Amino acid sequence: MRRLAATTVALATCGLVLSACGTAADDDKAADKVECKPTKIEGDPKVALAYDVGGRGDQSFNDSAYAGLEKAKGEFKVESTEGEANQDEDEAAREERLRGFAEDGYNTIVGVGFAYSESVNKVAPDYPNVAFAVVDGFDPDKTVNCNVAYLTFAENEGSYLVGAAAALTSKTGKIGFVGGVNNALIQKFEAGYEAGAKAADPDVEVTSTYIEQSDPKGFGDPAGGKSAAEGLYSDGADVVFHAAGGSGAGVFDAAVEAKKWAIGVDSDQFKTASAKQRTRILTSMLKRVDVATYDFIKSVVDGKPSSSYTTFALKDDGVGYSTSGNFLSKDTIAKINEYKDSIISGDTKVPEKP
Amino acid sequence: MKRIAYSLAPPVVAVVFALAATCVVIAISGGSVGAFLSTIFSVPNDRILVNIVNQSSLLAISGFAAAIGFRMGLFNIGVEGQYIVGSCAAAFFGGSGLVPGPLNILATLVVAILAGAAYASIAGVLKVTRGVSEVISAIMLNYIALTMSGYLVQRYGVKAGYTYATNDLPPSSQPLGFAILPGANDVWALTVIAVAVAAGYWFLLARTRFGFDLRTTGASASAALASGIGVKKMVVVSMALSGGVAGLVWMPAYFGSVHRFGVPENFQAGLGFAGLAVALLGRNRVPGIILGAVLFAYLSGQSNELQRDGIAKQVVDITQGIVVLAVVVAYEIVRRRQSRAEREQVSEELAATPAAANEGEAR
């Protein structure tokens, strides 16, 4: 009896599996050259920002996008709403968030963070009259979506400048880098930082470490950021640059305790850090997510929503460095600006991979 | 009749209590309670319905994996790590295309089960040979699983956007889903795994000697040992079984829509911990676990809508947490009341019987 039952189950499973295996869609269409017409938006722009995990209040990436939205609201007639991802949600939940916005009449939808790349790619074709944008985004397949803008940044160029600042400020000849998660995006920061440092001082020793290999927790783990930075400081580094989102707070704490320098990321972190931390933030690598968000909303207001890839580089002031603590010496700033001009003119090419 | 009322009342009370408590939290934080209730109880649109069905299947499998441990008296908090390892191994195998076509599905499922079981066995073996609490070792193993899978995918996977993932599952091995509602995503083909696991769980525990041994050991290890059950062997085997089921948790999603593995974009973490809550909520019973999974999936599915009412979607996490806590408390209250009622009934009967006997004697 038992054997019979087992056989029946096995057969039933096989049958089901076989019948279920008809065909599956083939996504790999050839990349045709598509001429895109600007997306037609009906009525006034209604903007929806979809944040990744963390959302507003991270004093970095997401807040910067919100600042861009606020600026646009101050200048144009724009309605807005926001949504935030849950920890451990699946792809379908992200898609549902975007579809919900579109069906509520939001015609300008910004996914903040590259995690929205796949879901926007899937949702955008169903809403041809909605302009989508993905900050840090990429097109995961070869089918061109005319109503999607991918807003990317030359993080390597900005990091090059703070790398030079670190090398020029360092007294020990050793500097460090703390990345949140070891992925290609954060490696862009690392690559630029190291190249900039070596350009300023060929003998400088750069040590890089990552908080997590793949777990996104690495961007929200101040304790992990602190212990990573402590390791670097105790090995002799006296300047540490972090590209670790919310974990950066821990890096700053470590800098305060070690009485050494830290470098902020994304926004001017001198302005949002605590009074103690401020004394240790040498400079910040600026990634102007606010500019990108604002520009995108403006393009919708102007009736010509941007689409395809837009890179915000040094020459567009899309990335840069801050001087708000006045910790950088005049000579250092002069030197950094030399590098800046050289990158803008194209004389210096900054690598994207370490 | 009374028995059904006793077993149904606690979860209903718990859900009502949890919703009420959530309303209080919302009111305190200045949100609109009315908007919360109307959104939570609104009929989900077709797409959300499908998502709820799909998510329920994952949560149910995870719930059964945890329940196997619970029935044995083991707290397998390692379901989380075991399903990560199972998913990672399965996706590497499935993406390699070593086995052609639909047969790849079966082979990949076997790999998922074996990988999950092997990983769980580490905690099982450590417990019986070295006396290490399975809770402690499993928590550590969860971290190791996540980090190790991340490393392996980065080392041997392919680039997918900014991150890495395993090779895509060959199209010939991708089962078509059930297109139940037009315009919505498909219900994943392998949601049937949840049904199979539910049936298997019931059969194993209620109809096999192994199941009897497992329940006996769970009720009292010393009594089980005295009656000739090899308790050590049972610990290792039931841990492996729990882990084997855990290995399957993410498989419906893998075959249904994701087709590759890579943390975090191409994976859904956290299902293992959710499964523990679902098993607690469902009292380790088949209908209970299924209803618990559906409830959790329903709350999560509706949570997206909340944000547009200006309510943080995290309040749903509060509801889910309170439900589990409340259901444990409610069952305990009911258990006490039930046993008191039984005692009273017995003492009434006893009081009645001697009286009758005395009467008999007197005559």
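In this predicted model, the centres of domain 1 and domain 2 of chain B sit 26 Å apart, going by C-alpha atoms. Domain 1 of chain B is built from two stretches, 1-31 and 312-341, while domain 2 covers 50-310. Where the two domains of chain B meet, 11 residues of domain 1 are in contact with 12 residues of domain 2. On the domain 1 side of that meeting, you'll find 7 nonpolar, 3 polar and 1 charged residues.

Chain B also touches chain A: 41 residues of chain B are in contact with 37 residues of chain A. Several helices of chain B put at least two residues each into the side that touches chain A, namely α3, α5, α6, α11 and α13. Which of the helices gives the most to that side? It's α6(B), with 6 residues. As for the make-up of chain B's side, it splits into 18 nonpolar, 17 polar and 6 charged residues.

| Domain 1 of chain B, touching domain 2 of chain B | 7 residues | 3 residues | 1 residue |

Now for chain A itself. Its secondary structure comes to 11 helices and 12 strands, and its C-alpha atoms fill a box of roughly 75 × 60 × 40 Å along the principal axes. Of the 354 residues in chain A, 57% are buried. Looking at contacts in chain A with a separation of 6 or more, 70% are between residues 24 or more positions apart.

How values were computed:
Residues are numbered from 1 along each chain as its sequence is written. Chains are lettered from A and ligands numbered from 1 in the order in which they are written. This is a predicted model: local features need pLDDT of at least 70, side-chain atom pairs count only at pLDDT 80 or more; totals for chains, interfaces and linings use all residues. Domain bounds come from an automatic or database domain assignment. Two residues are in contact if their C-beta atoms, placed from the backbone, lie within 7 Å. Ala, Val, Leu, Ile, Met, Phe, Trp, Tyr, Cys and Pro count as nonpolar, Asp, Glu, Lys and Arg as charged, and the others, Gly among them, as polar. Helices (H or I, at least four residues) and strands (E, at least two) are DSSP runs, numbered from the N terminus. A residue is buried if 20 or more other C-beta atoms lie within 10 Å of its own, exposed if 12 or fewer, and partly exposed in between; C-beta atoms are placed from the backbone.
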